[in-house]
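Hi everyone, thanks for coming.

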Amino acid sequence: MIGMIVLQDLLVPVLLLASAWVMPSVAKPTVPFGVRVPAARVDDPLIAEQRRIYRWWVGVAGTALVVAGLIAGVLVQQVLVPVLVAVALLGVVTPAYVRARAVIRSAKQREDWYQGLRQTVSADTSRVTRPPFPWLWAVPALLVLAATVVVGVVRYPDLPATLTLHYNASGVPDRTAAKSVGSAFGLVVVQAGLTVLFFALGYTAPRFRPDLDPARPRASASQHRRFVTALPRVLLVFGACANLTIALAAGRIWSAPAAIPVVPIILPTLVGAAGLLVFAVRYGQGGSRLETAEEPPRDAVERDDDRFWKGGLLYVNRADHAVFVPKRFGLGWTLNFGNPVAIGGFVVLIAAVVVVPLAVR
Amino acid sequence: MILDVDLTSEVPIYQQIHDRVVEAIAAGELADGDALPSTRQLAVDLGINFHTVNKAYDQLRREGLLLITRKSGAVVQRVSTAGFAADWQARLKTLLAEAIAHGLDEREVLGHCETTLRAFEEVRA
């Protein structure tokens, strides 16, 4: 039992801590801590030092926090402990990020790093042909979904008149409902919605803007191509993992055991999340960590677009028609909050996140 | 093809897009039948207004280098247009006049022309 609690309290915080710790390596080298710097400054000792300080602080303070959370978890056996640790981790990472960012930014301004450089944007016109959608990789997610539906339909006639819809995190039933198609298949609807979401992400991601480096445009275009070829596959596999978690949760409703541990149910999703982290470290943002052929040097540098990035995290540019732009500190894309379509989509998404759980309830 | 736009340059962006496409065609990087991204896609990739891309594409279309259809988008398609030679000669005259006005040597000017033409040929080969 202690072992189970340890696992339950450790998995999520450790995964979060690991993600925060590797993030400076996943981000593009030319945007350390969300500050755009010319390629020639990438190996500047000042930036290397900020990276080191960030890793030390996040590593030491974060580990201390996770261990403290673990001890607290074993002592009080409160299910909220991992959640509190996750929130506190944000409090450890944020100051480290803000500090590193401020130091790099002030050095960039003081020494005028962009003085006299040719700020250029490059586009790869061959992006007109996109990698084909990896249908084979979609099979696991679809199979899990189909299997869940089949099992549900087969079991439905034999289900008891009252279904236990929810267990609290220690595995004790805390919500029940009368048997109906809605109460029995609510989770399957969520599963189908999630599958659609991962398909849509995998389909659209290759269309989003790449962040090509004009100093080595061919190499970075090839990195980006490999990145957007692999990303849909990774997303679809993660989707299969998430579907498996929901299938297990649905199976619990249909088999109505007295109590069941939480860990085996969330395990597939956590394994999927760990897989995402491995992908992030191997590929880097936009494939920036992939090996490429050498390219003859050019005198062009990336455009200094810091003024559009609030805090290095939030992109607001009215003149930019892009809805999705590559993230600076992290993997993938973020919204352009200067674009009405992006703002509208964001509002709809938030509304869906709030409304759907209420509707399923 | 990699299309560069220098944002610190004095040359207007639409002109730069136009010039890079023409150069890529001359060097054989773009051949007849090659597709270019839609105006919207290229504008998003470059982070610029799509009217700017439209202006460049429209100029290329009028010059008989680009075919723009509703169905297949922008495709490189070279057709000879009447009056191109006269127009080009007028612009070349200005360029050569600039060289002379700035005191460049005649042989030097011819040498530059030679090297540039050879460079296009080399990339093509």
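Here is something to look for while you get oriented: which residues of β1(B) are on the covered face, and which are on the uncovered one? The covered face of β1(B) holds B:Leu3 and B:Val5, while B:Ile2, B:Asp4 and B:Asp6 are on the uncovered face.

A word on what we are looking at. This is a predicted model, where local features need pLDDT of at least 70 and side-chain atom pairs count only at pLDDT 80 or more, while totals for chains, interfaces and linings use all residues. Residues are numbered from 1 along each chain as its sequence is written, and chains are lettered from A and ligands numbered from 1 in the order in which they are written.

Let's begin with chain A. Its secondary structure comes to 8 helices and 8 strands; these are DSSP runs numbered from the N terminus, H or I with at least four residues for helices, and E with at least two for strands. The C-alpha trace of chain A spans about 75 × 50 × 35 Å along its principal axes. Chain A has 361 residues, and 35% of them count as buried (20 or more other C-beta atoms within 10 Å of the residue's own, with C-beta atoms placed from the backbone).

Now back to β1(B) and its neighbours. β1(A) and β1(B) run antiparallel and are joined by 5 bridges; strands pair if DSSP finds at least two bridges between them. Along β1(B), B:Leu3 is the bridge partner of A:Ala123, and B:Asp4 stands opposite A:Ser122. On to the partner within chain A: β1(A) pairs with β4(A) in the parallel sense over 3 bridges, and there A:Thr120 has A:Glu302 as its bridge partner.

Put together, that gives an open sheet of 3 strands in the order β4(A)-β1(A)-β1(B), with mixed pairing. Its edge strands are β4 (300–302) of chain A and β1 of chain B, each pairing on one side only.

How many residues does each chain bring to the contact? Chain B gives 19 and chain A gives 23, where contact is having C-beta atoms, placed from the backbone, within 7 Å. On the chain B side, β1, β2 (35–36) and α2 each supply at least two residues.

That brings us to α2(B), residues 39–46. Why do we call this helix largely enclosed by the rest of the structure? Because 7 of its 8 residues are buried, among them B:Leu42, B:Val44 and B:Leu46. The cover over the buried residues of α2(B) includes β1 (118–124) of chain A, along with β1 (2–6) and α3 (50–62) of chain B. After α2(B) comes B:Gly47, with a positive phi near 70°.

Last stop: two helices in chain A. The axes of α4(A), residues 135–155, and α5(A), residues 181–204, come within 10 Å and cross at roughly 165°. Those axes are lines fitted to C-alpha atoms over the stretch in contact, with angles from 0 to 180 degrees between N-to-C directions. So α4(A) is roughly antiparallel to α5(A), a label for angles over 145 degrees. The residues meeting there include A:Leu145 and A:Val149 from α4(A), and A:Phe185 and A:Val188 from α5(A).

That's the tour, and I'm happy to take questions.

Note on methods
Buried ≥ 20, exposed ≤ 12 C-beta atoms within 10 Å, placed from the backbone. Contact = placed C-beta atoms within 7 Å. Parallel < 35°, antiparallel > 145°, perpendicular 65-115°, else oblique.
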